[in-house]
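Please work through the following exercises on charged side-chain pairs, using the structure shown here.

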Amino acid sequence: MDFKRRVKRRFLIAFVWSGFLFGMAASPPLVGGPAPHFALETADGPKVRLADLKGQSIVLNFWATWCAPCTLEMPELQKAHQALKGKAAVIGINLAESRDRVKEFVHLHHVSFPLLLDTYGNVAQDYEVLHLPVTYFISPDGIIRDKVFGGGLTQKMIEDRIRQIETPPNPAAAEALNKLKARP
Amino acid sequence: MKNFIKTGVLVFLVMNISVWAEASCGSSNCTLIRGSQSGIANEGRFVVDLSYRYIRQDNAKQGNNSFDGAPDVAKVEFENGVIEPAHHREFKTINELAQLDISYGVTERLTISVNIPFLNDRKHEHIDGCAGGSCAAGTFSNQDGTNGFGDITVMGKYAVIHTTKHLLIAGAGVKFASGEYKLRNSEGDINEPTIMPGTGSTDAVISALYNFSLIPNRLSLFAGASHRFTTENPLDYEFGDTTRIDGGASYALNDRISLVGQINTRISRRDEYLGMRVPNTGMTFINATPGLVVTASENVSLYSHVQLPVYQRVNEVNLVPSFGVMAGISYGF
């Protein structure tokens with residue numbers, strides 16, 4: 001086989017291989033679907049299940065102590081937790097750190113909402129966490145309504161989003177929106 | 001005196017290691033996975049990696065057995081279009097390579113990287129003209145073309161699977177013939193292909209790398225493979241295709257220090273010249289590679305690895321590495 005034919009053949013193999021693998025990259029969206037189940041221990045020991053929280057809105061924040069934007073956001077989550085008591089649950093899920101480290105963080109930063117330990121990152125995997133922090137807003141019916149990526153959430157932003165997801169959808173408005181979407 | 005030598009081993013084929021570092025933070029968020037040489041860069045970010053490798057080839061092998069004495073190896077004589085078997089006797093080769101890798105995250109999943117081996121330096125000790133049993137004393141020095149700029153490789157790496165615990169990166173790229181491959185020795189002859197900084201051929205490279213975070217940001221297992229499809233260079237010489245298979249684990253002792261252990265396998269097919277099989281080329285190496293990664297700051301990590309042979313097999317006889325050392329610094333911005 002001559003030089004040019006060999007080059008062509010080998011580059012073709014490489015091209016087909018890469019095309020095959022690149023085409024596999026796709027994942028369904030999480031927002032708008034049911035929140036994946038979890039059952040995790042808190043830093044203090046008791047287990048919290050998503051099912052236990054059904055019927056109330058949930059602010060689910062994934063974080064880690066080494067993530068500076070996460071720790072900067074914590075005081076706002078704490079304020080929201082206090083303001084939303086009885087209306088919504090604020091839950092923190094720590095990504096793969098030790099119980100002692102999380103306990104120390106709770107003590108230092110006076111966090112009173114539950115901080116769950118996702119020791120092996122399985123829940124983060126289910127929630128498609130690639131960056132920290134990321135916060136999910138789950139409506140009382142267990143549907144993920146919103147996702148905020150990156151730090152910078154404030155108490156007001158959290159409360160506004162909870163208000164939005166608790167507002168029952170207006171059937172007339174939804175129908176009008178659907179008609180608009182259906183237009184060519 | 002003729003200053004020809006055949007190491008049978010190209011330094012860039014000898015030591016290629018997966019380097020991992022995880023979790024990097026920006027002002028608004030932290031990403032869970034980032035890589036340097038083998039991985040992907042965050043979207044819109046550069047990772048610049050500077051590494052140095054030292055490989056000492058002073059063990060003689062016959063097949064996969066130890067070989068007493070120094071091996072006689074072949075020489076390719078381009079001027080006459082012939083291969084001279086058992087042309088010279090090799091004693092030692094010290095390879096030093098400095099490489100700059102620049103990666104840029106085009107999207108969250110796609111990274112383009114450029115590998116620039118800007119310094120290939122080989123120091124040799126051999127005796128020339130051994131054919132027929134009478135060896136003339138001599139050495140081979142750097143002035144005879146063992147020092148120079150190597151071949152640049154451009155790779156596209158795509159994260160096919162990119163989740164908290166699983167990362168699968170597929171890569172495809174081209175190794176260009178940017179390095180010198182026709183350097184002449186002190187007698188004006190073209191040096192041996194295996195001693196040149198570049199191969200003179202444009203090759204295709206494909207790769208795949210899978211990383212499983214058993215405990216995210218603390219304990220990871222990884223496996224990877226790559227294959228280089230070589231082509232014939234304008235001197236009618238073709239290096240053998242090379243396959244790499246790597247596997248290992250990375251464990252973060254604390255926020256700053258990670259231990260990395262890996263097994264690296266490299267299989268290179270025999271080279272060909274004018275369709276003839278070139279003696280003393282082609283090899284299978286399996287190395288154990290313990291290493292250390294130190295996160296110096298949010299953007300800078302330092303790493304070092306030692307490569308220790310577990311299994312080495314050569315065609316006929318040749319020198320093989322007794323050990324290799326690699327150190328580098330990685331900077332993301």
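The exercises below treat salt bridges and their surroundings.

This is a predicted model, in which local features need pLDDT of at least 70 and side-chain atom pairs count only at pLDDT 80 or more, while totals for chains, interfaces and linings use all residues. Residues are numbered from 1 along each chain as its sequence is written, chains are lettered from A and ligands numbered from 1 in the order in which they are written, and side-chain values use heavy atoms, with hydrogens and water left out.

**Exercise 1.** Determine how Glu41(A) and Arg99(A) are paired.

Step 1. A salt bridge requires a side-chain nitrogen of Lys or Arg within 4 Å of a carboxyl oxygen of Asp or Glu. Glu41(A) and Arg99(A) form one, with an N to O distance of 2.5 Å.

Step 2. Glu41(A) belongs to strand β1 (residues 39–41) and Arg99(A) to helix α3 (residues 99–109) of chain A, so the pair ties together parts 58 residues apart in sequence. Helices (H or I, at least four residues) and strands (E, at least two) are DSSP runs, numbered from the N terminus.

**Exercise 2.** Are Lys175(B) and Asp151(B) buried or exposed?

Step 1. Buried means under 20% relative accessible area, exposed over 50%, and partly exposed in between (1.4 Å probe, protein chains only).

Step 2. Lys175(B) and Asp151(B) are both buried.

Step 3. The closest N and O atoms of their salt bridge are 2.5 Å apart.

**Exercise 3.** Which residues are linked with Asp151(B) in a network of salt bridges?

Solution. Lys175(B), Asp203(B) and Arg228(B) are linked with Asp151(B) in this network. Over all chains, the count is 18 salt bridges.
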